[in-house]
Amino acid sequence: MPASCAGVQIFFAMNITIVGTGYVGLVSGACFAEVGTYVRCVDIDARKIEMLQSGVMPIYEPGLDELVAKNVKAGRLSFSTSLEESLSGSKLVFCAVGTPPDEDGSADLSYVLEVARTVGRTITEYTVFVTKSTVPVGTAAKVKATIAAELAARGVDVEFDVASNPEFLKEGAAIKDFLSPERVIIGADSARAKDLLEKLYKPFMLKGYRVISMDVPSAEMTKYASNAMLATRISFMNDIANLCELLGADVDKVRLGMGSDGRIGKSFLYAGAGYGGSCFPKDVKALARTGRQAGYTMEVIEAVERVNDRQKNIVFDKLSTAFGGELKGKVVALWGLAFKPETDDMREAPSLVVIERLLSAGATVRVFDPVAMNECKRRIGDKVTYCADIYDAATGADAVALMTEWMQFRMPAWNKIQEVMRDNVVVDGRNIYDYDDMVSLGFRFSKIGKKQDCK
């Protein structure tokens, strides 16, 4: 889209449209705009678009509000509810809509295909439909057939390509991940589409970051395989941690010994209360479902999900053990609600499982999270007591359970915690506190993967 300055027209290097202003779409749009691309972000949720046009972020991600405001002011980033209007002049259309799991675990592609239908009904010149959403292998073929059917219904012959460009963003560090990517995966079956995408990503590659081009099905699979591997490491360590407790080993020491092996490495080897979020649970389910549809059982992936579902109960189980199986009338403080630090995302968060089970057992639950309190209220309302900080949450509590390893939770004033608590049980669901230190302070302390007596 051209702008003018002193009577001289200025054309941005490239115009793109991003459909979906959720986590992936909004971060991608802001970062593309940051390097000079003109970006239109589209969403059917009018309220969300109104919020963005007013400078209010619908999600929490460190630095995102400043980046969006900067690029809106510069005229490189805009928001709309009309995809048809936003397609004009955009050769690249990124689909970043949700693909929530169906009851059978398969990814729901209805939103993706609806975007494809709109593109097919609207485009008048060569366009590349780029799937940014996480979708099963074979989705590109469905998108291509959908666009082709709409063009045929119009009786027009417009060239188009379908490509895959999966995202690898970590919530809490998404802007850095996008601007300085470890790698960019481009799945394209035409040189024309591949060249356009490589041109778009060139500004991010100036320091030698890798663009890896491949066929579309391989790109679709790469996203699922990557997330499934990370989830597998988490579930593996949680399985090892639970065995460590039974045998008297310390999983933290085991992790250090394992991680020192260069073939294994240290990443994603932390035991805890299970993984959550928008990606790992959904993608593990979808990959397992894809295997079954192909007539193949993904034995490891199926086990990863089972282990994680079990692990989300471990904090509750430890609390129950600490009180002899009787939690009725007990007051439990939860520190952290989001599935990980630096986000307000509570999708599939272990905290939700613990809250549900505590309430069902007759306990009173007091909670604090630096940014996820509103999200918790949206999800469960006033079933819990929302507190001002960790000390407020611990006031009158029989037990404290750490659910999210926020930085500000790492060094509490434990003497103050002791003063305000009614009892002295602490369950560390993220293994950030030292066992010997906590016991020496007089707490009945329990963590993941170390044999102890919290009774």
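Which classes of residue, nonpolar, polar or charged, make up the lining of the largest cavity? By class, this lining has four nonpolar, one polar and five charged residues. In this count Ala, Val, Leu, Ile, Met, Phe, Trp, Tyr, Cys and Pro are nonpolar, Asp, Glu, Lys and Arg are charged, and the others, Gly among them, are polar.

The model is predicted, so that local features need pLDDT of at least 70 and side-chain atom pairs count only at pLDDT 80 or more, while totals for chains, interfaces and linings use all residues. Residues are numbered from 1 along each chain as its sequence is written, and side-chain values use heavy atoms, with hydrogens and water left out.

## Cavities

A search of the whole structure finds two cavities of 30 Å³ or more. A cavity is a set of points, on a 1 Å grid over the protein atoms alone, where a 1.4 Å probe fits but cannot get out; lining residues have an atom within 4 Å of a point. Grid points are joined across faces, edges and corners, and the volume is the space filled by probe spheres set on the points.

| Cavity | Volume | Largest contributor to the lining |
|---|---|---|
| Largest | about 50 Å³ | H11, four residues |

The largest cavity is lined by Tyr275, Phe280, Pro281, Val284, Lys285, Glu305, Asn308, Asp309, Lys312 and Glu348. Helix H11 (280–293) and helix H12 (299–311) each supply at least two of the lining residues. Helices (H or I, at least four residues) and strands (E, at least two) are DSSP runs, numbered from the N terminus.

One of these lining residues, Glu348, has a positive phi of about 60° although it is not a glycine. Most residues other than glycine have a negative phi. Glu348 is found in the loop between S11 and helix H14 (350–360), and it counts as partly exposed at 36% relative accessibility. Buried means under 20% relative accessible area, exposed over 50%, and partly exposed in between (1.4 Å probe, protein chains only). Phe268 also has a positive phi of about 60°; it lies in the loop between helix H10 (251–259) and H11 and is partly exposed at 30%.

Around the second largest cavity stand Thr131, Ser133, Thr134, Val135, Ser164, Pro166, Ala219, Glu220 and Lys223. Its lining has three nonpolar, four polar and two charged residues. Thr131 belongs to strand S7 (residues 127–131) and is buried, with a relative accessible area of 2%.

## Strands

An open sheet of six strands, with parallel pairing, has the order S13-S12-S11-S14-S15-S16. Strand S13 (385–386) and S16 are the edge strands, each pairing on one side only. Two strands pair if DSSP finds at least two bridges between them. Within this sheet, strand S11 (residues 331–335) and strand S12 (residues 364–368) pair in the parallel sense over five bridges, and Leu334 stands opposite Val367 in S12.

Strand S3 (residues 15–19) and S4 run parallel and are joined by five bridges; the bridge partner of Val19 in S4 is Val42. Five of the five residues of strand S4 (residues 38–42) are buried, so S4 is largely enclosed by the rest of the structure. Tyr38, Arg40 and Val42 point one way from S4, and Val39 and Cys41 the other way.

## Aromatic contacts

A pair of aromatic rings is described by the distance of the centres and the angle of the planes. Rings of Phe, Tyr and Trp (its six-membered ring) pair if their centres lie within 6.5 Å; planes under 30 degrees apart count as stacked, over 60 as edge-to-face and the rest as tilted. By this rule there are 15 aromatic pairs. The rings of Trp414 and Phe443 have centres 5.3 Å apart and planes at 65°, so this pair is edge-to-face. The pair links distant parts of the chain, 29 residues apart: Trp414 is in helix H17 (residues 414–420) and Phe443 in the loop between helix H18 (435–440) and strand S16 (444–447). Trp414 and Phe443 are both buried. Together with Trp335, Phe368, Phe409 and Tyr433, they form one aromatic cluster.

Charges also sit over rings, as counted when NZ of Lys or CZ of Arg is within 6 Å of the ring centre and within 35 degrees of the ring normal. The charged end of Arg192 lies over the ring of Tyr126, 3.5 Å from its centre, and Lys377 lies over the face of Tyr386, at 5.1 Å from the ring centre.

Methods
1 Å grid on protein atoms, 1.4 Å probe; cavity = no way out; pocket = protein on both sides within 12 Å on 5 of 7 lines; lining within 4 Å.
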